[in-house]
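Visitor: Please show me this structure, and tell me how its terms are decided.
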Amino acid sequence: MIRIARAQDAAAIHAIYLPQVLASAVTFETAPPGEAAMRERILGRLDRYPWLVCEQQGELLGYAYASRFRDRAAYDWIAETSVYVREDARRRGVAGRLYAALLQVLALQGVNQAMGAITLPGDASVALHERLGFVPAGRWRRCGYKLGRWWDVGLWQKELQPPPLPPSALIPFAELAGTPALARLLERA
């Protein structure tokens, strides 16, 4: 089942994220944020952007969320997206289901573009993004130092819907959260 993240999911979400912080360059965060900080991140983001989890038999297998791409108002209709899956739940379609649902929610909000930033080579992430219709949009060379080396980051972009002229204001996720449209979307995910 895919649902909206809750504050009480922070421990499980932190447990999924922790190995990525400590032993990989998937994220450039270098110190574990802790459960309290993860709870604040979840709750702080849900007002404007979605944070979804995949739960199976009471256990969280993964999560996906969106965030503001850049601070300038002209970027309001583009969101940066992220997905993380528990190690023992990988290669079971969890990331694809979560990400597809996240993209649909963003489109429902009025977001026109989704942007994924991938630490390269990142073959599994590249494959996931491209399978979902993302296309390469650029590369930042040697922009992050972690685990004793410099890493490149590739950007992948997906148009969720044609941008209207003039654009309408985005629907904040908090306003969308209790709607039948969102409930139907998550039921189908």
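**Terms and values**

Guide: Arg 91 sits in the loop between β4 and α3, where helices (H or I, at least four residues) and strands (E, at least two) are DSSP runs numbered from the N terminus. The model is a predicted one, in which local features need pLDDT of at least 70, side-chain atom pairs count only at pLDDT 80 or more, and totals for chains, interfaces and linings use all residues. Residues are numbered from 1 along each chain as its sequence is written, and side-chain values use heavy atoms, with hydrogens and water left out.

Visitor: Why is Arg 91 called exposed?

Guide: Buried means under 20% relative accessible area, exposed over 50%, and partly exposed in between, with a 1.4 Å probe and protein chains only. Arg 91 has a relative accessible area of 78%, so Arg 91 is exposed.

Visitor: What makes Leu 147 count as partly exposed?

Guide: Leu 147, in the loop between β6 (135-146) and β7, has 48% relative accessibility and therefore counts as partly exposed.

Visitor: Which kind of peptide bond joins Leu 120 and Pro 121?

Guide: The bond joining Leu 120 and Pro 121 is cis, with omega about 20°, and Pro 121 belongs to the loop between β5 and α4. The bond from Leu 165 to Pro 166 is cis as well, with omega near -10°.
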